[in-house]
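User: I have a model open and would like to talk through it with you. Could we go step by step?

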Amino acid sequence: MTLDQLVEQIGLIPEINFSMLDHLLFAELVADLLSELGFRDIKQEWAFADKYIDIKALYPRIDPFGAEVIETWLVEVKFYHKSRADLNSIHQLAGYLSSLPEHYKGLLVTNSQLTSAARDWLASAESKGRTQIRVVDGTELKRLLLQRKDLIHKHFPKSGRGQDE
């Protein structure tokens with residue numbers, strides 16, 4: 001990364017202001033980010049039986065033998081104005097994943113940070129092989145967005161700047 005690119009990224013940090021969003025706009029941001037990360041067939045508000053998931057998406061990858069493997073990811077989007085993602089957020093997604101007949105990968109995306117209790121439980125559950133949930137918290141989300149300034153401009157328009165700029 002050049003010095004100019006670093007300066008540009010630092011200048012974009014104040015534009016990523018999650019308080020400008022609500023839950024629906026935040027979910028749209030996450031769906032757009034997933035698309036840019038290579039996910040496809042992104043479905044928002046996916047339902048299975050009596051369970052609802054914010055996003056279901058497919059991710060193609062190449063296995064060690066050169067064949068394409070399609071992973072199915074269930075994504076819970078947790079938007080908070082003043083609190084942090086807690087153990088209930090992780091339990092809810094883990095419960096969904098364990099109740100489904102197929103193997104899905106879990107992703108929790110939040111604009112905040114996980115509580116320490118949630119981090120500890122998730123680490124324990126993963127070490128025992130009970131669940132596989134990837135968490136993208138607010139800090140990592142900002143880092144991912146800084147690499148995609150088009151998403152910043154689309155979802156966090158500056159006052160006075162049109163959304164199409």
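User: Where does Glu45 lie?
Analyst: Bearing in mind that this is a predicted model, Glu45 lies in strand β1, and its phi is near 55°, a positive value in a residue other than glycine.

User: OK, and is Glu45 buried or exposed?
Analyst: Glu45 counts as exposed, because its relative accessibility is 62% and the cut-off for exposed is over 50%.

User: What about Asp41, what is its phi?
Analyst: The phi of Asp41 is near 50°, which is again a positive value in a residue other than glycine, and Asp41 too has its place in strand β1. As background, most residues other than glycine have a negative phi.

User: And how accessible is Asp41?
Analyst: Asp41 has a relative accessible area of 45%, so it is classed as partly exposed, a label that covers values between the 20% and 50% limits.

User: Let's zoom out to the sheet, in what order do the strands run?
Analyst: Five strands form an open sheet with mixed pairing, and their order is β1-β2-β3-β4-β5. The edges are taken by β1 (40-48) and β5 (133-136), and because each of these has a single partner strand, one side of each is left without a neighbour in the sheet. On average, neighbouring strands of this sheet are turned by 30° against each other, direction ignored.

User: In what sense do β1 and β2 pair?
Analyst: They pair in the antiparallel sense, over six bridges, with β2 covering residues 51-62; within this pair of strands, Gln44 stands opposite Ile55 in β2.

User: Which helix packs on the sheet?
Analyst: Helix α5, residues 138-146, packs on the sheet, where it touches β4 (105-110) and β5, and the direction of α5 makes about 70° with that of β5.

User: Switching topic, how much space lies in the largest pocket?
Analyst: About 200 Å³ of space lies in the largest pocket. Its lining consists of 13 residues, and those nearest the centre of the pocket are Leu37, Phe39, Leu107, Val136 and Leu144.

User: Which elements supply the lining of that pocket?
Analyst: At least two residues of the lining of the largest pocket come from each of α2 (23-36), β4, β5 and α5, and α2 gives the most, with three residues.

Methods:
Residues are numbered from 1 along each chain as its sequence is written. This is a predicted model: local features need pLDDT of at least 70, side-chain atom pairs count only at pLDDT 80 or more; totals for chains, interfaces and linings use all residues. Side-chain values use heavy atoms; hydrogens and water are left out. Two strands pair if DSSP finds at least two bridges between them. Helices (H or I, at least four residues) and strands (E, at least two) are DSSP runs, numbered from the N terminus. Axes are lines fitted to C-alpha atoms, for helices over the stretch in contact, and angles run from 0 to 180 degrees between N-to-C directions. Contact means heavy atoms within 4.5 Å. On a 1 Å grid over the protein atoms alone, a cavity is a set of points where a 1.4 Å probe fits but cannot get out, and a pocket is an open set with protein on both sides within 12 Å along at least five of seven lines; lining residues have an atom within 4 Å of a point. Grid points are joined across faces, edges and corners, and a volume is the space filled by probe spheres set on the points. Buried means under 20% relative accessible area, exposed over 50%, partly exposed in between (1.4 Å probe, protein chains only).
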